[in-house]
Amino acid sequence: MTRVVTMLLLLASLGAADQASAGPCDAPENDQFDFWLGSWDVTAGGKVVGHNTIAKIQGGCTVAEDYRAATGPYVGRSFNWWDPVASRWHQVWVDSGGTRLQMTGGLQEGSMVMTGDRTRQGQLISDRITWTPKPDGTVRQHWEVSEDGGLTWGTLFDGVYTRSEP
């Protein structure tokens, strides 16, 4: 009996040690957006429209995006993180054009899909952005908007991310 109790205590302490050594963002879900990490040239309609750098920051807890247009002063930044309590991803996007997005979502059939609502000039706008990794190493970003509560969707941006030098 003493051996059984000793063995159970040993196993329990090993399990506690594993949990104690795990970081707050070590859950596998924190890696679901890793396909987007890196430096990218962003094209739309075959033309380079911007450059994007995506990196994990804050001990791997946050995926940070820094976007700059290929021409002009337009820039934007997003912060993306896995929320283990809500079991979903969050994104906050802010750009130099005044757009502010707050979206939530997660993986759907291999694509990261996030949705959210915002107000533009007093009108409710629904946003849905889908990031899809492709077999050739590129990532497609498809940004759709709806002005009727999600009944119909139109494309705002359809771009391809191709790896570039940092």
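Select Gln-121 to start: this residue is exposed, with a relative accessible area of 81% (buried is under 20%, exposed over 50%, partly exposed in between, using a 1.4 Å probe and protein chains only). Gln-121 is not a glycine, yet its phi is positive, about 50 degrees. Its place is the loop between β7 and β8; strands are DSSP runs of E with at least two residues, numbered from the N terminus.

This is a predicted model, in which local features need pLDDT of at least 70 and side-chain atom pairs count only at pLDDT 80 or more, while totals for chains, interfaces and linings use all residues. Residues are numbered from 1 along each chain as its sequence is written, and side-chain values use heavy atoms, with hydrogens and water left out.

Next, show the strands as a cartoon. A closed barrel of ten strands runs β1-β2-β3-β4-β5-β6-β7-β8-β9-β10, with antiparallel pairing; two strands pair if DSSP finds at least two bridges between them. On average, neighbouring strands of this sheet are turned by 25 degrees against each other, direction ignored (axes are lines fitted to C-alpha atoms, and angles run from 0 to 180 degrees between N-to-C directions).

Now select β4 (75-83) and β5 (88-95). They run antiparallel and are joined by eight bridges; Trp-81 has His-90 in β5 as its bridge partner. Their hairpin has four residues between the strands, and Ser-87 takes a positive phi near 55 degrees there.

β5 and β6 pair in the antiparallel sense over six bridges, and Trp-89 stands opposite Gly-105 in β6. This hairpin also has four residues between its strands, with Gly-98 at a positive phi near 95 degrees.

Move to β8 (123-133) and β9 (139-146), an antiparallel pair with eight bridges. Ile-129 has Trp-143 in β9 as its bridge partner.

Keep Trp-131 selected. Leaving aside neighbours within four places in sequence, its contacts (heavy atoms within 4.5 Å) include Phe-33, Phe-35, Trp-36, Met-103, Met-112 and Arg-140.
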